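I opened this structure with a notebook beside me. These are my entries, in the order I looked things up.

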Amino acid sequence: MSTLAQATPAAADDNPLRQVKARNGEKVIKALLATAAAVSVATTFGIVISLLVPSITFFSEISITEFLFTTTWTPLFANPQYGVLPLIAGTFVITIIAISVAIPLGLGSAVYLSEFASSKVRRTVKPVLEVLEGVPTVVYGFFALEFMTQLILRPIFPGIQVFNALSAGLVMGIMIIPTVASLAEDAMSAVPGGLRDGAYALGATKRQTALRVVIPAALSGIVAAFVLGISRAIGETMVVTVAAGLMPNLTLNPFEGMQTMTSYIAAAASGDVSTGSIEYQSIFAVGLLLFVITFAMNALSIRLVRKYRQTYQ
Amino acid sequence: MTATIATTPSPAPESTLEGHGQPLIDKTFRWILFAATAVGIVFLAVLIVYVTLKGLPRLTPALWQNMPSIRNPDTAGAQSAITGTIWVMAFTALTALPVGILSAVYLEEFGNAKSRFQRVVDINIQNLAAVPSVVFGILGLAIIARAFQLGQTVITAGLTLGLLVLPVVIISTRESLRAVPQNIRHGSLALGATQWQTTWKQTMPAAIPGMATGTILALSRAIGEAAPLLLLGAVSFISFNPTGPFSAYTTMPIQIFNWTKNPREEFQILAAALIVLLLVLLLAMNAVAILIRNRTQRRW
Amino acid sequence: MKQMRDSEAAKQSSSDMSTTGRMDVAASLGSHGREIPETISNVVFGLDNVQVFYGDFQAVRDVSMQIGRNEITAFIGPSGCGKSTLLRSFNRMNDLIPGARVAGSLTYHGYDVYAPNVDPIEVRRRIGMVFQKPNVFPKSIYENVAYGPKVNKMKVNMDDLVEECLTRAALWDEVKDDLKKSAYALSGGQQQRLVIARCIAVKPDVILMDEPCASLDPIATAKVEDLMQELANDYTIVIVTHNMQQAARVSDRTAFFTADVDSAGVRHGRLVEYGPTRSIFTAPNDPRTEDYISGRFG
């Protein structure tokens with residue numbers, strides 16, 4: 001280190017490293033890209049505004065208690081009533097039927113694919129489930145009305161109405177199986193193989209391992225899958241619009257037709273409702289209710305997913 | 001001579017290697033799970049067979065050559081719905097692709113992962129991905145059709161559906177950008193390229209196959225959407241092809257919906273036939289996506 | 001795999017060495033036959049008390065040295081002593097790591113590389129880099145070489161420039177028949193020479209090499225080392241290497257780094273000794289240098 005000469009700068013241009021080009025192009029591009037990213041924020045903002053503004057007007061006329069706690073929903077009658085409970089009941093009944101199908105079958109499929117199936121089976125079945133998820137919902141609606149009601153339910157329950165909750169709920173349930181199954185399977189595959197190996201080494205069967213080791217370990221992810229399935233069922237429109245009828249009906253009887261929050265929005269908005277009228281605003285009030293419910297469930301689901309991801313990563 | 005080696009084996013321990021578990025329960029359990037998995041598959045098969053058989057009589061060229069008609073179901077077709085779908089899909093792509101791809105590029109290449117803005121955007125994308133489609137219809141109705149005064153037109157539908165599938169485009173594009181190795185970017189920057197030059201000339205071209213499959217995924221989703229369009233006026237009876245972006249329109253899912261609502265059997269058959277056409281289209285799109293994915297498997 | 005083989009081989013030979021080991025390395029000295037003066041006459045980089053931080057963590061501390069023009073300078077030392085980190089601060093590649101910062105004075109031909117008005121893009125055009133793993137672009141051979149001049153908007157006859165660079169990188173004869181072939185079709189050694197060709201296409205002043213032969217087999221390594229000797233006539237080269245024989249073979253000056261371990265067990269890199277390669281390997285001043293080159297650790 002003692003042999004270095006005095007530093008004499010080599011002959012070079014004056015300030016060769018200084019910023020010559022302004023490079024404004026980069027700044028403009030970056031701003032443009034950020035604007036594109038902001039569109040998603042603007043969209044959420046737009047959704048909230050489009051729901052809130054008419055709802056505020058609506059709730060200045062109809063009190064929230066009347067909205068949430070009275071039991072008649074007849075916005076188009078001469079003496080309109082705005083108790084939303086029938087719509088909530090409709091959503092509730094159909095959702096319960098749907099998740100009674102989707103949760104066991106979805107979880108069962110997930111457990112089978114994750115713990116029991118050979119990779120060959122998995123490779124064939126998973127794409128099929130993806131196809132199931134990709135079929136347009138209006139097709140499921142058609143199937144519920146034509147096949148499920150006419151060919152399956154009518155023979156079994158002769159008194160069943162043409163439009164009924166059972167048919168819509170059953171078909172919707174199967175439609176939601178891929179949603180539940182893929183998220184539940186994600187959660188289970190995140191469980192480290194070491195846990196399973198430990199159980200097998202102790203002589204546990206696959207069944208015991210799946211039930212006592214894997215599922216408890218993946219529980220938050222599995223619950224997240226259920227919550228997401230419920231959220232999807234609540235927000236689904238086409239199946240119920242086609243197959244469950246458009247009559248608000250405060251009942252728990254699945255053999256009857258009923259209107260849900262989603263099918264009310266679809267029916268009212270596609271009908272002749274004059275802008276600015278109370279009936280028009282009721283669409284947004286119901287929409288707001290729907291949005292709040294699904295938003296809360298999705299937030300819960302995301303939290304649960306984060307929980308299981310953190311545990312294993 | 002007496003050997004010290006025992007001639008008889010030592011007595012076996014209490015438990016042998018024979019299983020004494022509950023094989024019946026295990027087997028039953030496995031079969032239950034298999035049945036659960038099979039339900040979905042069987043259902044899909046039944047659906048496809050039913051729809052095909054029911055729609056068979058009307059799976060003729062008339063389906064795409066003729067216009068819908070309420071008075072003459074025998075000659076009705078779905079041409080307006082098919083062309084309407086193509087028009088709306090074009091505008092959906094025009095909305096979702098530039099915004100989605102550029103958003104993804106920002107989030108992956110230019111943004112600061114810890115900044116507040118980025119976290120807000122991330123949360124928004126996650127939320128939007130889970131909003132019910134009918135709520136997007138409300139957004140389209142209140143803001144795009146009414147506030148922006150774009151009316152019940154092709155362009156409104158395109159914008160609304162574009163926003164609906166935006167999260168799909170963003171998420172899949174981000175994944176394809178992430179798959180490009182970091183040392184490609186470093187190699188470019190080390191040569192004196194700017195960040196944008198690196199992104200535009202190296203990173204994005206390398207991510208194109210992923211972006212293409214993401215696009216197809218998004219369009220597959222959009223093509224089957226009916227709920228938002230119900231709120232955007234597509235349900236009215238349309239028997240003409242769209243004449244431009246500001247034209248009225250109908251789409252295949254909406255036409256299926258309209259025919260399904262009509263109790264007459266002839267329209268049920270038409271609905272089934274159009275469903276078959278829609279499913280074939282979706283199948284073709286997904287086949288293309290799989291083809292792209294397989295042919296461009298790059299070994300980094 | 002090849003990287004493992006190379007460093008395994010280095011470890012093997014260094015652990016075999018004791019005093020005879022030093023003579024082994026010494027035997028490689030000066031095999032390039034270039035004469036350099038005792039002291040640096042033409043300074044390209046001046047470092048005065050340079051420190052490199054990643055956030056709060058000080059990766060490199062107190063480095064003061066100079067890099068001479070048209071010389072090959074080697075940074076040697078055990079893993080984790082900040083050699084690559086220091087190298088990357090020469091061309092501001094550390095800027096890409098969030099939280100990275102450089103303190104002290106780092107000058108290039110007398111000008112502060114980290115001055116506020118300095119354009120890092122221009123820095124990187126003038127100070128090129130070859131990485132450990134050949135990172136050719138997923139494009140054709142021609143496009144790989146032409147990329148740098150294009151993004152820097154150099155007005156040149158591209159065909160001529162590509163041929164010239166590939167020739168200087170000793171790759172032209174092997175690829176001239178099909179420049180449109182994908183760069184991925186080349187072998188590891190060819191890819192690294194392509195990276196070098198790509199590097200010199202933007203007419204830099206300095207070429208930094210971060211363990212350039214780590215993933216190459218011995219024959220490809222030899223070719224790259226020969227190339228370095230050629231290139232040193234026109235460029236200043238700084239190379240980080242784990243392979244002491246390589247440093248002895250190719251470099252004119254060698255800097256030996258080591259890592260101080262503080263009370264918390266955290267390693268901080270520092271410069272121990274720096275001088276003409278011959279002196280470092282035959283008569284080092286610092287006992288740590290002596291220990292390293294005779295294989296007692298490393």
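Predicted model: local features only at pLDDT ≥ 70, side-chain atom pairs only at ≥ 80, totals over all residues.

**Entry 1: a term, then a strand.** Which way do its residues point?

**Entry 2: the partner of β6(C).** I looked for what lies alongside. β6(C) runs parallel to strand β7 of chain C, residues 206-210, and four bridges join them. I127(C) has V206(C) in β7(C) opposite.

**Entry 3: chain C as a whole.** I stepped back to the chain. How many helices and strands does chain C have? I found twelve helices and ten strands. The chain has 298 residues, and 50% of them are buried. I then checked contacts between residues at least 6 apart in sequence: 73% join residues at least 24 apart.

**Entry 4: the sheet.** Next I traced the strand order. Chain C has an open sheet of ten strands, ordered β5-β4-β1-β2-β10-β9-β3-β8-β7-β6, with mixed pairing. Why do β5 (111-112) and β6 of chain C each have a side without a neighbour in the sheet? They stand at the edges, each with a single partner strand, so one side is left open in this way.

I went through some pairs one by one.

- β1 (residues 43-54) and β4 (residues 100-108) of chain C pair in the antiparallel sense over eight bridges. Y54(C) has A100(C) in β4(C) as its bridge partner.
- β3 (residues 72-76) and β9 (residues 253-261) of chain C pair in the parallel sense over four bridges. Here T73(C) stands opposite R253(C).
- β9(C) also pairs with β10 of chain C, residues 267-276, in the antiparallel sense over nine bridges. T258(C) is bridged to R270(C) in β10(C).

Five residues lie between the strands, and G265(C) takes a positive phi near 85 degrees.

Entry 5: I picked helix α3 of chain C, residues 83-90. Eight of its eight residues are buried, so the helix is largely enclosed by the rest of the structure. The buried residues include K83(C) and R88(C), along with L86(C), L87(C) and F90(C). After α3(C) comes R92(C), whose phi is positive, near 60 degrees.

What does this helix pack on? α3(C) packs on the sheet, touching β1, β2 (57-68), β3, β4, β6, β7, β8 (236-240), β9 and β10 of chain C. Its direction makes about 150 degrees with that of β8(C).

**Entry 6: where chain B meets its neighbours.** I turned to chain B and chain C. There, 13 residues of chain B are in contact with 20 residues of chain C. On the chain B side, α7 (182-190) and α8 (195-206) each supply at least two residues. α7(B) gives the most, with six residues. By class, I found six nonpolar, seven polar and no charged residues on this side of chain B.

Then I checked chain B against chain A. Here 64 residues of chain B are in contact with 61 residues of chain A. Helix α1 of chain B, residues 23-55, gives the most to the chain B side, with 16 residues. That side divides into 47 nonpolar, 15 polar and two charged residues.

**Entry 7: the cores.** Which residues touch the most other members of the largest nonpolar core? They are V171(A), V180(A), V239(A), L274(B) and I275(B), in a core of 183 residues. Its largest share, 17 residues, comes from helix α3 of chain A, residues 85-116. I followed V180(A) and found contacts with, among others, A102(A), I103(A), G106(A) and F226(A). A second, separate core has 89 residues, including I67(C), Y108(C), V240(C) and A248(C).

**Entry 8: confidence in chain A.** I ended with the scores. Chain A averages a pLDDT of 86, and 92% of its residues score at least 70. Over residues 1-13 of chain A, pLDDT stays under 50. For that stretch the model has 25 contacts beyond four places in sequence.

Terms used: Residues numbered from 1 in each chain as written. Chains lettered and ligands numbered in written order. Buried ≥ 20, exposed ≤ 12 C-beta atoms within 10 Å, placed from the backbone. Contact = placed C-beta atoms within 7 Å. Nonpolar A, V, L, I, M, F, W, Y, C, P; charged D, E, K, R; others polar. pLDDT = per-residue confidence, 0-100. Core = buried A, V, L, I, M, F, W, Y, C linked by C-beta atoms within 7 Å. Pairing = 2+ DSSP bridges. Axes fitted to C-alpha atoms, helices over the stretch in contact; angles between N-to-C directions.
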